[in-house]
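Please look first at the model as a whole before we turn to its parts.

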Amino acid sequence: MKSVIAQDLVKTYRHGEVRALDGLSLEVEEGTVLGVLGPNGAGKTTTVRVLSTLLKPDSGRAVVGGIDVLAHPKNVREIIGLSGQYAALDETLSGWDNLVMFGRLYHLNAEQARVRATELLEQFSLTDSAKRPIKTFSGGMRRRLDLAASLIIRPKVLFLDEPTTGLDPRGRMEMWGVIQGLVRDGVTLLLTTQYLEEADQLADDIVVIDRGKVIAQGTSDQLKSKVGGERLEIVVQEHDLDQAKSVIERISGSTSTLDAGLRKVSAPVKSGTESLIAVVRELDAIDIHPLDIALKRPSLDDVFMSITGHAAEEASDE
Amino acid sequence: MNNFMSGVSDALVITKRQLQQLIKVPEVLIFNTIQPVMFVLLFRYVFGGLGQGIPGGYVQLLMPGIFVQTVTFTLAATAQGLAQDMEKGLIDRFRSLPIARSAVVMGRTLGDGLLNIVVLMVMGIAGYIVGWRPTSGTFHIFLGFLMLLFFGYALSWCGVFAGLISKDARVVANVSFLFTFPLTFLSNAFASTTTMPKPLQYFAEWNPVSTMVAATRQLFGFHNTFGVTAHSYPSEHPIVTSLFYMVVLMAIFMPLSVRRYKNANNK
């Protein structure tokens, strides 16, 4: 069953000059995670806002949990959770007060709201800071609390808009751990992100959007093979370049690129770590010692370059 | 009916949140009461001499003026609060919840109204200390304060609208203040309108602040000697005119604000 269906969504601004959504369609199967991948201004936030009843599209259809979003927004609000790009909490109140308030607004009674707040603070490792005002929280803690607030009613469908943007690496890892926990529990999740790695880590399926349209979709592996997967790069002494080139070509089975100035040879590889080990062994056997060796994973930019022919940053602003 | 009751309970959750804020950040309440009390003291002792010939002295006419001025500033307070919630993305979150579309703005205006009760009580006490003695009896004094609260409430709805259309809490607070501050002075609140240039006099007579000041002076039992020059309708019937203004303001801004909330950020 499809938990989320978006069909031909169009949203324009300034009398049609700016097309934030330009016939966007996507689907999320129940119990799976869809990653919506795209640069700033691609229409990710607009999509989430339409699906979560905050924004009316000019045309198109949206169904969430079997309910028509445009016809019955209030019923949709009863089954969704939304956590936006910025932690939307009352900063002067404590985490506990925020969760109880949102619990009450989801129509739990006072006792239920308190029980649920305690559970969620526990689940997100925030119990120790429960009584502190949010303004003293780190970015990562705010995001976790924001996510907790969107889970109060155990939503059927959860929308997360760039859940890790602006977090430091540690905060990002913590957030991924929390989201992976939810995924294990079987939540249906639509998540937007600018990071291919994040979509890779968290999503079952990925749609890549640009300028308000879906330009590619598939599993993370499918997308990566489209981009050419990983590349192996070796830097060696100048007099070793030729030999290194032939080794890397033999093992990868593809043509390599040579950058004589940087003394760097690189080639696309299918099974990254295995090829890396094989190349290192081979070079060692013929007594070549690489100065540097690396596996480069394709980034969002690489995905964009290969699909659209332009870099992600060139995309229009929102 | 069930819908209505759950709407009321949602609004009360929002009001409770605001009262919790006041406890967590007591500076807000302290500043909100210190400022008008300071005005009471300054005007009472700096301009006290203006009131020669007024029975009971200048302070009898001054207090209603400062009461009205203070509740007028509710407009800016409400606007700032809502604009802050917009900035923080809280309004979006509220809009994604299964609550009545009016709950958030209802709760906010009610909270600001409750704050006014506290502020007016403190000011009333301060007034009493510096010699303000209403003579009309408990019932009329009560009506006077009720009207002040109602006026603040009506202006609070203008503030809701201003807060929701603005994108910046500081800007909207400053703009609302720049709008309401002169309004409170181009009135009979602190001095007689008789000495103003003619066009200003007409403005001052019809200014809702003046009608409110005149109405509360009347309800507190003082003859409003600060604005009966043109024998205009508002100066002769201040209570009726004030009630009319409040009803009109609310009839315009309540539906407008709820609509605006419904479509907030819809772009």
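Let me begin in chain B, where α7(B) passes α12(B) in a left-handed crossing, that is, with the near helix turned anticlockwise from the far one by less than a right angle. This is a predicted model, in which local features need pLDDT of at least 70, side-chain atom pairs count only at pLDDT 80 or more, and totals for chains, interfaces and linings use all residues. Residues are numbered from 1 along each chain as its sequence is written, while chains are lettered from A and ligands numbered from 1 in the order in which they are written.

Helices here are DSSP runs (H or I, at least four residues), numbered from the N terminus. Helix α7 (residues 138-165) and helix α12 (residues 238-262) of chain B pack at about 30 degrees, their axes 8 Å apart; axes are lines fitted to C-alpha atoms over the stretch in contact, and angles run from 0 to 180 degrees between N-to-C directions. The two helices are therefore roughly parallel to each other, a term for angles under 35 degrees.

I turn now to α3(A). How many of its residues are buried? The answer is 11 of 11, where buried requires 20 or more other C-beta atoms within 10 Å of the residue's own, C-beta atoms being placed from the backbone. Among them are Trp96(A), Leu99(A) and Phe102(A). Their cover includes α4 (110-123) and α5 (139-149) of chain A, together with α1 (2-24) of chain B. Just after α3(A), His107(A) takes a positive phi of about 70 degrees.

Key. Angles under 35 degrees count as roughly parallel, over 145 as roughly antiparallel, 65 to 115 as roughly perpendicular and the rest as oblique. A residue is buried if 20 or more other C-beta atoms lie within 10 Å of its own, exposed if 12 or fewer, and partly exposed in between; C-beta atoms are placed from the backbone. Two residues are in contact if their C-beta atoms, placed from the backbone, lie within 7 Å.
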